[in-house]
Structures are given as structure tokens and as C-alpha cells.
Amino acid sequence: MKPYSLPLIYLSDIIGNSLFQLFARSIPLLFFCIVIFDIHFKITFNQFLIFLLFYLLSFFLYYFISLFISSLSFFFVEIFPFWILYFAMITLLSGAIIPIDFFPKELQTIVLNTPFPYLFYFPTMILLKSDNIIFNYHELSLRYIQNMLFLGFLSITVYKFGIKRLTVAGG
């Protein structure tokens, strides 16, 4: 067996899946909307660069959460319930279905302290150049960095403890 890095393999898989989603779904759907529905976007180059930066940050948040959940397989027989919980939390708290702006203030405060709105809501609001964005770019960057440091530490720690616990039998 060659010494492969499981986190890097997992990162490569996520990058491949994301590129597939971009080229097989997003771009054709965007083209379809522009041609059929005559939808026009007024996006400046700077706005697009800021969007790409925050999209990249959200991608790494997604990676760290996924690595954490996958690393739980060292400790649990079945991790499918964790994935179901994760996708349910994304559905409810990411702003992808219901915008965070529609939540009551108390719930907004709770949700903004989770990593979920940073996956979809904020990159979308930046792309739409919404005036309703909750944080300025500096505060938003700090929140992304805090989430990435916490989730990165958590996922790498769980992974390393799991590798130490791993026992492989056979040859």
C-alpha cells in the first residue's frame, strides 16, 4: 500500500464533484435562463472577485465539515445519520431555501454563530450585491476565518485520533 493522504484524497473528490456540478448543472442552467427567460446580470468585476473569494472560503468550510463527519466513521459503525443531520441543517439554516433575513432576530443570532449561513447565504448575497448583507466584508472575513480555524482544528483532531484508533487486520 502506498501512503496516501486521506484528507487530500477527500479534498480532491470534493473538488471534482464541485467542478462536475459547475459544468454539468450550473453553467447549462445559467445559459438556459439567459437564452429562454432573457435574464441579465449586472455584476462588476470587483464584485465577482469578492464573490469568488468568499465562495472559496465557503468551499473550505464545506470541506472541513465533510472531513469531520467522515472522520466520525473511525468511532461509529454508521455515519449516515450524521450526514442526514448535516443536510437537514444546511436546508434549514444555510439560507439556501429560506433567507436568513426572514428569521426572527433571536434565531438569526443563533444561526449566524453556526457555519451554515456561510456556506450559501453570504456568497449569494455578495453576488446579488444585496444591501441587506448583515456584516461588512471585514467582519464577514473574520467570521469565515474563525469558522475555518475552529472546523479545521476539529476535523483534523478527530481525524488524527481516529487514525491512532484504527486497526487494520489482514494483508
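Contact here means heavy atoms within 4.5 Å, and a residue counts as buried under 20% relative accessible area, exposed over 50%, and partly exposed in between (1.4 Å probe, protein chains only). Helices (H or I, at least four residues) and strands (E, at least two) are DSSP runs, numbered from the N terminus.

**Before you click**

This is a predicted model, in which local features need pLDDT of at least 70 and side-chain atom pairs count only at pLDDT 80 or more, while totals for chains, interfaces and linings use all residues. Residues are numbered from 1 along each chain as its sequence is written, and side-chain values use heavy atoms, with hydrogens and water left out.

**Stop 1: the whole chain**

Start with a cartoon view of everything. The secondary structure comes to six helices and zero strands, so defined by the DSSP runs above. Along the principal axes, the C-alpha atoms fill a box of roughly 60 × 40 × 30 Å. Of the 171 residues in the chain, 31% are buried. The chain exposes about 11800 Å², and carbon and sulfur atoms supply 72% of that area; accessible areas come from the Shrake-Rupley method with a 1.4 Å probe, and for residues only the protein chains shown count as cover. Among contacts between residues at least 6 apart in sequence, 63% join residues at least 24 apart.

Now colour by pLDDT, the predictor's confidence in each residue, from 0 to 100. The chain averages 89, and 96% of the residues score at least 70. Confidence is lowest in α5, at a mean of 87, and highest in α3, at 94.

**Stop 2: helix α1**

Select residues 6-37, which make up α1. This helix has 32 residues and reaches 44 Å from its first C-alpha to its last, close to the 46 Å expected at 1.5 Å a residue; the expected span is 1.5 Å times one less than the number of residues. Look along the helix to Leu22, where α1 bends by about 35°. The bend at a residue is the angle between axes fitted to the seven residues ending there and the seven starting there.

Show the side chains of Pro7, Leu11 and Ile14, which are buried in α1. What covers the buried residues of this helix includes α2 and α6. Next pick Asp13, also found in α1. Is Asp13 buried or partly exposed? Asp13 is partly exposed, with a relative accessible area of 41%.

**Stop 3**

Step to Asp38, in the loop between α1 and α2. Phi of Asp38 is near 55°, a positive value in a residue other than glycine. Asp38 is exposed, with a relative accessible area of 51%.

**Stop 4: the nonpolar core**

A nonpolar core is a set of buried Ala, Val, Leu, Ile, Met, Phe, Trp, Tyr and Cys residues joined through side-chain atoms within 4.5 Å. The largest one here has 34 residues, and those with the most contacts inside it are Tyr86, Tyr118, Leu119, Phe122, Leu140 and Tyr144. Helices α1, α2 (45-71), α3 (80-93), α5 (121-128) and α6 (137-165) each supply at least two residues of this core. Which helix gives the most? That is α2, with ten residues.

Centre the view on Tyr86. Leaving aside neighbours within four places in sequence, Tyr86 is in contact with Tyr62, Ile65, Ser66, Ile69, Phe116 and Leu119.

**Stop 5: helix α6 and Ser71**

Select α6, which has 29 residues and reaches 41 Å from its first C-alpha to its last, close to the 42 Å expected. Its buried residues are Leu140, Tyr144, Asn147, Leu151, Gly152, Ser155, Val158, Tyr159 and Gly162. What covers them includes α1, α2 and α5.

From there, move to Ser71 in helix α2. Ser71 is buried, with a relative accessible area of 2%. Not counting residues up to four places away in sequence, Ser71 touches Ser155, Val158 and Tyr159.

**Stop 6: helix α4**

Finish at Gln108, which lies in helix α4 (residues 105-111). Gln108 is buried, with a relative accessible area of 8%. Beyond its neighbours within four places in sequence, Gln108 is in contact with Ile100, Asp101 and Phe103.
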